[in-house]
Every structure is written in structure tokens, then in C-alpha cells.
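Welcome! Take a moment to look over the model below, and then we will walk through a few of its features together.

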Amino acid sequence: MDARAFLREVTTDRRYRGQVVHVRELPPRDAQYAQPAEPLPQPVASHLQRQGIGQLYRHQADAVDAVRDGKDVVIVTGTASGKTLCYNIPVVSALIENPSARALYIFPTKALAQDQLGHLQKWAADDEIREALRPAVYDGDTPSHNRTKIRSSASVILTNPDMLHVGILPYHGKWHQFLRNLRYIVLDEVHTYRGIFGSHVANVLRRLERLCRHYGSNPQIICCSATIANPLELTGKLTGREMTLIDRDGAPRGRKYFVLWNPPYIDAGENIARRSANVEAVELLCDLVQRKAQTIVFSKARIVAELVYKYATDALRRHPDLAKKIRPYRGGYLPAERREIEQQLFQGKLLAVSATNALELGIDVGSLDAAILVGFPGTICSTWQQAGRAGRSGSDSIVFLLAYNDPIDQYLMRHPEYFFGVPHENAVIDPQNPFILSGQLACACFEKPLSQEDEVYFGPQLEDLAADLEQEGQVHSIDGKRYWRQAEQPSAQVDLRTISQDTYAIVDISQNHRTIGQVDSISAPELVYPEAIYLHEAVPYIVRQLDTQAKIALVEPCEVDYYTQPVLANQCRIIEQRQEKPYRDGRLCYGDLDVTWQTTAFRKIRYYSMELIGQAALDLPAQTLSTTGMWFAPSEPMRQQLGQAGHNPVDAMVGVRNLMLAALPSLAMCDRRDISGQVDSSNLGTPAMFVYDRYNGGVGFAYRGFDLIEEWLKLCWNMVSECPCESGCPSCVGLANLRPPLHQDPDLGAGYPVPDKAAATALLKALLSD
Amino acid sequence: MAVMALSESRRRKLEMLTRCLAGGKVKDAQAVIDALHTPSRVTGPALPVQLAQAAPGIEQHNAAGTYWLIRRPLLEVSAELAGFPREYAAILRGSRQRFDELKASPALCHIANGLPDGPLFMDIETCGLAGCSIFLVGLMSFQGDELMFEQLLARHYGEERAILAEFADRLAGSATLVTFNGKAFDMNSLRDRGAFHGVDLGFTPPHCDLLHESRRLWKGQVPNCKLQTLEQFFCRRRRVGDIPGRDIPDAYHRFVSGGDAREMTMILHHNLLDLLTMAQLLCAALSGEQPDLSA
């Protein structure tokens, strides 16, 4: 498509009122090809020929060579650059050369494993390859009567870390042939293995490696990652090996226009209210679809993906042929439905999808002409990954980032140079975190007795933590080996993820109780509370009952002209103070916190006008995160001092809290999503800053901050004083990074204001001066 | 969300460790933990009962290590059943003629056509559910004119390999294997644990799984085909004071940690009764016996 011409047309349209804030042109790049150092096995070469792949891109050849040299590699190239071939070529070649060889593919989600199974099945359709390549998915959904056969006959197993942890490693005896012959471990989308989840996965991989050694194999590791700041560091910590970076991206790229688009003010003169970003997205989508440009819309909430779809099909009702070529896509659709949409998009049967970040990970949907990001996705990495969905090698593509009327989005609109200059985020993990390692050691001990030699895998804390397990009566030591001494299997009690994997079924009572969708248990009270309107491919269903015991939401179709939005209440309660120490003229505390959130009511919102047409209270149980955290209340004189200097003390505390949340990851080696915080005065009677771990039971992040408070505050000081912004920005005091209201339409909220930089600076100064 | 519950003492240790690590002082961590250790609770009687006393046996050695072998004839276990070995031998010798009448599996045919000393009865006890280690392989076979129990016991976790190796030898030398649910459970566990220890169980002789035979023969006539249900109807026996199967793993762990063999004798007895019942069920199957519904 001619992106330049499209932009010209849109900006000359009568509806256009100066929305384009900035256009950045990303230049095209020609393909760079290379030959592998040694020719590929003939069946592999002819398969590639048949797929229309005459030559390999440079990074693909690099990867093939490095893997052949026995290196452990991490491949970091752009979206849709053909990363999959970087591992499929070496693996299929190895299987052809040695039919008893095995490979294990690990993906962060079940959906990705299914997607990649499809790719491998294409390879296996070739007569010369079929014998050697026998791929199978082995995850929680694999029927138990198929499992024995898969274990004994599949040559490539596709799974996820959770299944490896709970369903494969504890039963290693059944896998002995597979483990003995394991040649390759493929880890795709490794950038998702960060924070608590990544730290757990790193230890699961060490358990895998330890068992491989036991059974006599030493597999090579091939990782693929989206762009992050530190791929070598991340994969090095994740695998415990020295990794080789493959990043000479040789895939061709067309010209890409990145457009920052800010909806216009609608209150002439007052400049407070802006036009809805959702509605702007719909208009752009319809314009693109009418030009037959294949487009993906990324929304931040499921409800928005549904609304954009509904509005777009309404707007195109005079073009039913176009309207039916658009579909929504989000988490919560049934797997078969998702597969169908992915395939329709890939085959070009769809012109557009209105999606959530469920399509951000590497499911292959082909390359599209345009991407519309409704609101800043929250991280630079996600932004570029979503933007990467648009881009064809031979032609131009276009990406729109639409701003909500939210302080962070508006900051980006005012500072395009900041947006295009800010580096990708670091992915941080800490496999040595004692809380995480302790649980993982229990799992390892169950699998094979622990001995001193296991320090190679688990590091210098092994002895301390194993001694502790012994004190607790979980292990028993005989002749220098520690054995698991409980009937219960430990892995079932160690959750790799911070978010529970439990789901609710959404059941249509008008259709014989057919399950039409699902929702994770944390989200259920925010999405399918009683009388909620649940949109599924824009078909409205009303929720009749939410059964929290059976984990079922009963719904039936309805005809209404509104959708619903939950009203949430959050709070953070001190349960028990465990430690305290004086700090400046206040007291710094650490202890147990209960963080609760609850859907207390819901609102009925009319489509299009967003008019509030009703509200009702709800009586739903609160959800609780029992964790550990630290808190600090600045003294009365300190707050007075701030007030006298013309600062709002609470605003200052919000700014410092945001800085503390931004700085803690580098001190406690966690992901920013693993921690959260609050400023609250209901606990102590005076306003206090709280920072806590977002993991049941806590994992010591806030504790590390409590312990190293001086260093922590200095980091905050450096961040804020070195930030070149004038009065506060997302890189310093601005990005609150709190638990986002996942099921709320950002169009209806105001977001979190950016606190005053000067106030936060003044408070920090007071906290750091003697 | 399922998260391993942290005890108060453990949380304190982990916090201390977090603190030491923050300061880069890994070596100091042990000192901190040692200082925090609370003395462990003292339970049970002061004088543990020794295994040698509670379950007399002999320490055996093989290439894979040592283990405890408890060998005793049925006569020593139960005077009431003194006549059973003769009955057993008679049924196995005589079953050839009645063989056609049986709705039998190939393995059962094999037994019917073989000698009384052909079948090796086997039942294992494990440290928990799937994936756990095995600590007891109970065997029974007809030797001379007596039914002989041979229980291979790992006195601690480190002896598992030796009992597996011993079982592999016994299996190789027997004509048929008789189990109850052994196809799904016992043999799978033995193979998995054998694979881990590098002990190859080799070729399995014809395997008669009495759970499957019982279902074939008596399904519908008895409330269910659990071993202890069948025991009531065919052996006219009810277990009193028997240790329930689900309590066995914890009891064994306590034995290993504390050395008190009292509970161990209960486990051994439970295993022995299972083996005996299997022999009686085999006789019932071969002789075409029907359940005694008055039991």
C-alpha cells in the first residue's frame, strides 16, 4: 500500500483536525543473504526450495553455523524475520542425521506451541523428512491416553515451562529415553521469561539440565527473543551458559511510517476533553480496510477490542463484504476459535483484526500493511513488537500510535524525540533469589537427591537452603546426599507465575450450557460479574450468575444498547509489622500486607456516546494478595516543610513511590511488574508510601529495599536528577506501574496524573540529607 | 494460587539470607541460619524399636548396594493357613484340565499350564504417588512345599537401587509374574525407577494382572474389584488394624528419619497380606470359584 498517499488523504479529510503530531519514517532495507558454511542436508534444502525459500537470510545462516559449531545461541531479530527457521533447520537436520536424536521446544503459552506444531507438520509432510520428524505437543491439555505414545515415539516435544515443571521433570523415569537422546532445547520468546516467572524458569531449566546429565545427554540450547536491552545477560542467567548472540538481521524491510496520532480536543477553547481514541481508531481502521490494507488494531483491554470491532462493523454496514472480513481476537476465546482467526488472517481471508496483546507474541499471522496501537502499550518493548506486526518486505507499511487522554500518552505526544530515543527495557531475572530457589530446590530434590556437586546448577546457596529444607523436615540426609522425605510432590505447590492459571468457563444457558469462552480467575469478577454485559465477537451476553465455587459464569444472549464497566476498590492493609528501624526522623517498617481488590459496583455505558445510563452495587468477594512489603511515613515536620516550600506532600510521596518502584528492579533484581505500591493514610493515620511484592507470600523484593533503603533512595535521586525533563515524565516520577484495571476502557478513565517533579525532588532531598 | 506455605522460622531464615546476599556475604549466611535454628521437636518414645528386632532379616549385598531381606514361610505368618500351600499346589497342578472353561487371559493360561513354582507374586510400596521412589518389593513364590515371602526392603532411600537390581534378577528367573494392578502401577514404577538407577528390568515374563482377571471374571457379582473387597468375598477375611495404603509413605519417611521400626512392621504386614490375597485370588480364578456373597 502507499502509506504516504494514505496519510495525505487522511490529513486532508474533512474530519481531520490536526491529529498527526509526528511522523517518523523508518527507511527500507534490502534482504541480506548468506550461505551456511556447510551445505544443508539434501532433504532440508529441498523442503526449503518447495517452500519458496531459495536462500537464507544472514542471521539464519549465522544461526545454522553457530549451532553446528556446538554453540548455545540467542537469536534477536525483528518481528517476522524468520526466527523459526533458525531453530527448525538445525533441529530437522540433526534428526535426519541421527534418527534417535530428540528436541524439546518450550514456549511460554500453549497457543504458541500449537502454532509451531503446525509449522513442523508442514516439514513432516515431506516424504524424506516424515520418518525423522515426529512432532507432538505435550502439555496440560494432552489427553492422558495419548501421553505414553508421545513420550515413546515423538522426536520433537513442544511444551511450556509449567508443564515441564509439574508434568515432565517429576516423572523423568518415564522420559529416560527422551532425556538420554535430547540434543536441542529450543526456548522461544525468551523475553517473556523475566521477573519472578523468569527466575523460576531459569531454575526449571537447571533441573532439566541436571537430569539430562544424569541420563547422559548434554543438549545445546537455542533461544529466540524479541528486542530487549540485554538479551545476552538475560539468556545467560536463564540457561546458566555462555550464549552467542545472533543479531545480524538480514530480513528485508519495507519503508515504515510511524505516526503519533493525538485525538483532537472536543471542548472548543477549554482544552480538557479529547475525542475518544477508540473512535479515532475505528475511523482509521475503516479507512484502511476500504483501501484493502490488511490491518491489526491493538487495544489495551478486551472490552476495547470488542468495541472497536463492533463500531467498525457498524460503520461498514453499507459494505457488508468488508465488514465480514474483520474479526476480533483476544484472550478468553476458545482455542479453536483463536486458531481459526489466526489462520484466516494468515491466509489473507481477513482484512483486519481488532486484537489485544494476545496477538503480540509470535503467532505467525503473516505480515500486515498497518498497525493501530490504541494507547501506549506500557513498555517500549511491547510497543515495537506490536508495531512490528505491520511491515511487508516489498511495500510500505504504517503504524499509528493513538493517545488516550492520559498523562503518559499525552507526554509521549508532546515528546516524540523521547519516545523514539528511549531504549528498550532490560529483562531482569534472579535465579538465586532465596525464596524462589528454595522452592525449586525442593522440586530438584524430589527428582534426584541433592549433593554438593549440584552447586554447579544452583549456586553457592545450595548448602544453606538445603540445610534449611532439612531443618524443616522436608529432606533427609544420608551419606552426603539429601533425599526428599515427604509423600507430597513439591512441584504442585510451587507456582512459576505470579498470575494464577485457573480459569472460569463462560457458559451460554440458552444453548444447552455450551462453553463459549473463558477468563482467568483473577479477572472473572471484573469481567463477568452478575448483570455484566459480556461481549463475544461483539455479540452481547448478559451474565446471570457467577459461581465462584464451580468457576463458571452463566450467560445468555441479550439485546441492549449499552456495555458495562466494573467499579473497583483496592486497598492495602498492614497485617503484621515484622521489623522496623529508625530512618531520618521517621520509622521504616517491613511486614505482612494484604492487598485486596474487589468489584463493588458496575456502570452501564451507552455505546458511542459513552453516556452513563445506570449503576448498580455488587456483592462479590474480594480477592486478596497476602504478601510482604515495606512502608514509610514521612514525619510531620518533613511534610510541613514541603508544604511551606509550596509542594503538595502527598503528590511528592506519589512521585517518590513511583521512583522507588522504578528503581527497585535494579536493586532487587525483579521485573517492574513483580512489585507495586500505594500511598495511603488509612493504615497509619498519616500518609505513608507502601511498596510490596506482587506474589503470594512475598519473595523478598520489598525486603531488599527495606534493608538497603539508603542505596535505594540514592538510586531514586539519580534517576530524577539526571532526567532531562522539565516537570516530570514517564522515565522518572511519572510511570506509576500499578496494577492496571485490565478490563476497563481507558477512554473512560483519566489515567494516573504525572506527579510534580519538584515536589518529589524536595522530598527525596529531605530523605537523603543528614 | 498454590504457593508453598512458608513457616515462620523459614521466612525468617530466607529474609536473613536475602539480607546477606544483598551485602554479597554468602559465606555469612550459614552462620545466620545456624543461629536461628530452633531445636527440633522430640517426639515418640525414648527407645526406638530396632528393625532387626521387629522384622528379623539379613543384610544382603549385591553389585548395586545393600538392602534388608525378610524371608519367611507362610507357616510362620499364619498357623490357620497352614493348609493353603498344599491347596495352592493342587489347584495349579490340576488346573490344566479345567482350563477350557476359563475365560482366561494368555498370562492366566500360562500359569494354568505351568508348575506351582512358576508364578512370582509381586507388590511394591512407594514413598508417595507417581514419580516417587520405591522402598519395598514384596515377593512370594512356591518353594519346596511352602509359600515363601521375600520382602526386599530399602532401609533408607539410598538402598532403592539394590532392591531394584535384586528384583530384576528374580524377575529374569521366573516363569510368570502375578500382580494386582501391576500393569498400570507396580511395573511402571519399577521400570521408571530402574531407568533412573540404570537398572534394566529386561524382558518381562508373561504378566498376570489379577485386577484385570477379577474384572473379567467377577465384575457385577462383587461391589467393586478393589483388592480388599475381593479379599472379603474370596478369602473371608477382613483386615483389622491394618495400616491404610495412603498412610504408608509418611510412615516409611518417619521410619527412615527416626529409626523406629514399629510402623515398619505394619507396612510389612500390609504388603504380606496383599501378596497372600493375590495367591488366594489366583486359586479362585483357576478353580472357577465364585464369590461367597454371605461374607
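A:Asp127 counts as exposed, at 62% relative accessibility, while A:Arg130 is partly exposed at 43%. Here buried means under 20% relative accessible area, exposed over 50% and partly exposed in between, with a 1.4 Å probe and protein chains only. These two residues form a salt bridge, their closest N and O atoms being 3.0 Å apart; the term stands for a side-chain nitrogen of Lys or Arg within 4 Å of a carboxyl oxygen of Asp or Glu. Because A:Arg130 and A:Asp127 lie 3 residues apart in helix 6 (residues 127–130) of chain A, about one helical turn separates them.

## How to read the model

This is a predicted model, where local features need pLDDT of at least 70 and side-chain atom pairs count only at pLDDT 80 or more, while totals for chains, interfaces and linings use all residues. Residues are numbered from 1 along each chain as its sequence is written, chains are lettered from A and ligands numbered from 1 in the order in which they are written, and side-chain values use heavy atoms, leaving out hydrogens and water.

Over all chains, the structure holds 54 salt bridges. In one of them, A:Arg241 meets A:Glu209 at 3.1 Å, N to O. A:Arg241 is buried, with a relative accessible area of 15%, and A:Glu209 is buried at 13%.

In chain B, the side chains of B:Arg239 and B:Asp242 also form a salt bridge (3.3 Å, N to O). B:Arg239 counts as buried, at 17% relative accessibility.

Methods
Helix = DSSP H or I, 4+ residues; strand = E, 2+ residues; numbered from the N terminus.
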